[in-house]
Amino acid sequence: MSQSTFLEEVVTWDQEKRIEKVDEAIPRLVSILQTYSSFEEAVGILQIVCQSFVPIIHHEQLEQQIFGKVSQQICCLLDDVLETIHRTWQNHGKTSDSEHLMSLLQAMLGILECTVECVQHVAGLHNTVQLLHIKSLPRCALHVLKGSYGHCKESSDLYGDFLPKISDFLSAIFRKAHSLQMIFLNLLNKLDPCSGGSTGDSQELLSVCDGLFSLCNIVALLDLKLTLSIWKAILRIANQHQGILSGSLDISSMIGYLCGEMHSGIENLLQAAQPEDDQETLCTSTMSFCPQDTDTPEEYCLPRLLLQIMILDNLVQCSEEQEDIWFQRHMMSSGLVASHYHTLLSAIFRSLELCHVEVCLPVYLPSSTHIDSPQRYVSLYQFVLNHICEYLKCRSDRVFKAANKELLSVLLKMHPTSSLAAADCLYFIARSGPTALRWHYAHLLMTLNQEFHKAMPVGHPISSLSSLVSRVINLLTSDQQVKLLSVFPPSDNISLWVDVNLDNMAPGSAGEAVEVLVPCCLKTLHNFRQQTTPTISNAAIVIPSLKCLENILRHGQTASLLTPQQGAMVLELVSALWRSCPIEISFTDQSSKGQDVTQLYLAELLSVTSCIVDQLETKLLFKILQIINKAVKGSPSDGFVLTVVHLLQHLGPVKIPPSFEQGQMLRKIADTFATVLSHQRAEVRHCAMVAFTKFAEQTSHEAVVPECLAQQEGLKDRMVAFLQEIPHNHENRKFDTIAFLRKQKQDLQRKMTEDFNSYTGPQLLSIQSMEPLKKRQRQDTGPANQAELFQAALLKLEEAAAMFEEAERQGSIPDSVKTPAAY
């Protein structure tokens with residue numbers, strides 16, 4: 001039977017006939033394909049094979065019966081078509097037969113369609129595919145893609161003015177190639193990860209990755225989305241089959257290529273951003289690296305942060321004009337609001353906030369402070385701080401001033417990560433500079449803190465600003481600390497000195513502070529006690545004084561500075577305040593206006609009591625135990641419960657004398673411990689276990705321990721596991737750290753939005769209005785409208801933050817103070 005007769009007959013076969021004759025037909029079709037007389041004939045034979053025989057063969061036999069025999073033929077056929085097109089066009093150009101050229105392009109489109117048929121059939125299978133059953137197909141598909149995309153890429157240079165006449169064919173080829181790519185990438189997802197155990201499979205997977213990488217080089221200038229989809233496929237394969245590809249895949253070449261593409265793109269951008277163009281192009285690029293506050297995919301947060309750090313490192317090599325662009329906010333020609341776009345420094349802090357999971361794990365990165373020092377691994381948080389501080393320590397006055405303003409804005413933002421990082425950077429600047437700069441920072445931060453305390457609700461948590469104030473004060477000389485006490489006298493500013501660690505101050509200045517603070521605090525407590533109705537709900541005025549006394553009493557050095565008379569007065573006033581407290585205190589209504597003040601007042605009173613608990617009368621201690629036992633069984637805040645835990649721990653060394661109340665007191669201690677040891681929050685339970693362990697080690701009332709552990713089932717087992725350092729396994733489920741941190745990140749972002757919305761902007765000084773925080777308590781003094789109080793505080797903050805800039809303009813700061821000295 002002749003070839004033409006055979007081909008005509010095969011086309012007429014039904015499925016049953018094709019299944020019957022498949023073993024005979026395929027070898028003959030392949031043989032005819034090897035000796036084709038025209039491209040049209042070859043494409044026709046391929047269509048018969050791909051459309052009529054591929055669908056009827058079991059997928060495990062496809063490689064052996066078809067793909068292994070025709071894949072190479074498809075590649076050779078495409079190469080012959082492309083070579084003929086080039087030869088014909090280069091030899092004859094526009095004088096060549098246009099119909100012949102179009103027939104060649106049609107043949108190329110037919111080869112693409114046949115390849116799509118094969119790949120689509122395998123990708124459509126319901127089960128996974130083992131690579132050894134189709135190993136020739138991926139190589140074939142990649143070869144066809146590279147040839148097709150490559151021809152589209154060079155078509156403009158090849159055809160020149162003739163391009164419009166064949167644009168429809170080229171568009172069809174590009175669309176078909178794109179379809180083949182999408183289907184092929186889906187096919188790669190179906191590869192069985194368990195099938196790649198042999199050396200042959202390893203080589204095939206490596207060949208696929210290398211082929212995709214080569215394809216990236218071709219399509220990079222054609223379509224960005226195509227390029228991204230290919231890179232994602234490479235990453236997916238490398239992760240899915242890392243056990244097979246480990247040590248074989250040339251990752252360094254791929255990274256080098258990506259870095260080269262980024263470098264070329266940035267160079268082109270800088271060349272395009274000429275001064276006469278007002279550097280609009282460069283400004284637009286700056287905003288792409290320092291975007292406005294929009295949602296960022298989680299997998300992009302860390303790479304973007306590292307890229308921003310890389311830019312910061314390279315700014316030292318830029319001109320002043322280029323450096324200024326990264327420290328200014330720009331307005332795009334489209335009219336977008338300029339303040340919505342971060343400078344580089346504030347963008348780094350924003351990215352650090354978004355890397356909450358990586359900061360908490362933590363992720364470790366290689367870092368070297370000096371060129372000659374050995375490389376070491378540091379946490380992501382430390383890595384970011386090292387690079388920021390290294391950049392700031394040698395900056396000019398102009399950049400230093402801009403950076404200083406950014407750091408203060410982030411500091412006042414009150415985000416637990418970025419605010420702390422900004423505080424660490426400001427502390428570095430103060431520590432690295434001369435004493436005059438340290439004094440200036442101490443004065444500026446105290447002024448800011450003064451207004452901050454006025455703007456925040458009573459009893460707000462210690463902020464990074466308050467903590468930084470204490471750290472910077474410890475850097476001052478003794479004379480400077482004494483001067484600060486005179487500028488901000490404790491008698492008028494108790495709240496300012498509440499969080500200052502007086503123990504770390506110079507002995508002379510610490511003594512002077514205690515000498516002024518203690519009488520002021522005692523006077524406030526005495527006046528509150530003498531009120532006609534000294535109820536807990538109006539106790540907000542004494543909270544700073546209680547915090548200040550606790551700060552002094554808990555440190556041995558400052559506590560020893562109190563006179564015996566002052567110590568006796570503290571004991572008397574604290575005892576009197578407890579006597580005035582009712583035993584029944586409800587914490588169930590968290591929305592009531594006086595509720596927060598009630599908890600804060602009792603928490604601070606408990607903190608002071610912990611420092612003098614061994615001096616209390618037995619009956620009074622019994623009342624305190626009754627109060628806290630009832631309080632923890634209500635709905636108190638976690639902070640209040642932790643204060644109770646702290647007091648229980650300090651009861652360890654206390655020996656309760658035999659009396660009528662002794663038995664009841666010991667039962668209250670055991671019952672209260674059992675309650676906090678079973679708290680719903682893991683952090684509280686852990687602190688309670690630590691406190692209970694220390695109490696058990698110190699107490700002489702040993703019966704409390706077994707009585708406590710016997711009150712709840714399983715409590716003893718949990719304590720034994722804690723002491724043996726066995727991790728708690730909740731309901732036999734493995735703890736997912738990543739999932740927990742992601743949930744924590746979401747909760748933090750929601751809380752920042754709800755409770756601290758007014759402080760979330762990177763430019764605090766540009767905020768026009770500020771609403772009061774939720775649960776803010778009304779005060780007897782000050783404006784009735786809380787929004788007015790916040791607005792007034794912000795205006796003062798703006799004045800305080802501008803002090804540094806104004807002092808520089810007036811030349812009142814020595815040159816040696818303007819820039820921190822290097823190490």
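The model is predicted. The chain has 38 helices and two strands. Of its 823 residues, 49% are buried. Among contacts between residues at least 6 apart in sequence, 73% join residues at least 24 apart.

**Helix 1 and helix 2**

- Helix 1 covers residues 3-11 and helix 2 covers residues 15-34; their axes come within 11 Å and cross at roughly 130°.
- The two are therefore oblique to each other, helix 1 against helix 2.
- Their crossing is left-handed.
- On the side of helix 1 the contact is made by Gln3, Phe6 and Leu7, and on the side of helix 2 by Ala25, Arg28, Leu29 and Ile32.
- Sorted by class, the residues of this contact are five nonpolar, one polar and one charged.

**Helix 19 and helix 21**

- Helix 19 (residues 418-432) packs with helix 21 (residues 464-473) at an angle of about 20°, and their axes are 9 Å apart.
- Helix 19 and helix 21 are therefore roughly parallel to each other, because an angle under 35 degrees counts as such.
- The crossing of helix 19 and helix 21 is right-handed.
- Helix 19 contributes Ser419, Leu420, Ala423, Asp424, Leu426 and Tyr427 to the contact, while helix 21 contributes Ser464, Leu468, Arg471 and Val472.
- The contact of helix 19 with helix 21 holds six nonpolar, two polar and two charged residues.

**Helix 29 and helix 30**

- The axes of helix 29 (residues 618-632) and helix 30 (residues 638-650) cross at roughly 145° and come within 11 Å.
- Helix 29 passes helix 30 with a left-handed crossing.
- From helix 29, Ile624, Ile628, Ala631 and Val632 meet Phe640, Val644, Leu647 and Leu648 from helix 30.
- The contact of helix 29 with helix 30 has eight nonpolar residues, with no polar and no charged ones.

**Cysteines**

- There are zero disulfides in the structure.
- A disulfide is a covalent bond between the sulfur atoms of two cysteines.
- For cysteine 118, the closest cysteine sulfur belongs to cysteine 50 and is 3.3 Å away, which is too far for a bond, because a disulfide requires the two sulfur atoms to be within 2.5 Å.
- Cysteine 118 has a relative accessible area of 2% and is therefore buried, as the cut-off for buried is under 20%.
- Cysteine 360, at 36% relative accessibility, counts as partly exposed.

**Glutamate 113**

- Glutamate 113 is part of helix 5, which covers residues 98-123.
- The relative accessible area of glutamate 113 is 30%, so this residue is partly exposed.
- Leaving out residues up to four places away in sequence, glutamate 113 touches Gln47 and Lys176.
- Glutamate 113 lies 63 residues from cysteine 50 in sequence, and the C-alpha to C-alpha distance between the two is 9.4 Å.

**Glycine 211**

- Glycine 211 sits in helix 8, which covers residues 199-219.
- Its relative accessibility is 7%, so glycine 211 counts as buried.
- Glycine 211 touches Leu142 and Lys146, with residues up to four places away in sequence not counted.
- In sequence, glycine 211 and proline 138 are 73 residues apart; in space they are 9.0 Å apart, C-alpha to C-alpha.

**Backbone features in loops**

- Most residues other than glycine have a negative phi, and most peptide bonds are trans.
- The peptide bond that joins leucine 361 and proline 362 is cis, with omega at about -5°.
- Proline 362 is in the loop between helix 16 (356-360) and strand 1 (364-367).
- Glutamate 725 is a residue other than glycine with a positive phi, near 60°.
- The loop that holds glutamate 725 runs between helix 34 (715-723) and helix 35 (737-755).
- Glutamate 725 has a relative accessible area of 71% and is therefore exposed, since the cut-off for exposed is over 50%.

Conventions. Residues are numbered from 1 along each chain as its sequence is written. This is a predicted model: local features need pLDDT of at least 70, side-chain atom pairs count only at pLDDT 80 or more; totals for chains, interfaces and linings use all residues. Side-chain values use heavy atoms; hydrogens and water are left out. Axes are lines fitted to C-alpha atoms, for helices over the stretch in contact, and angles run from 0 to 180 degrees between N-to-C directions. Helices (H or I, at least four residues) and strands (E, at least two) are DSSP runs, numbered from the N terminus. Angles under 35 degrees count as roughly parallel, over 145 as roughly antiparallel, 65 to 115 as roughly perpendicular and the rest as oblique. A crossing is left-handed if the near helix is turned anticlockwise from the far one by less than a right angle, and right-handed if clockwise. Contact means heavy atoms within 4.5 Å. Ala, Val, Leu, Ile, Met, Phe, Trp, Tyr, Cys and Pro count as nonpolar, Asp, Glu, Lys and Arg as charged, and the others, Gly among them, as polar. Buried means under 20% relative accessible area, exposed over 50%, partly exposed in between (1.4 Å probe, protein chains only).
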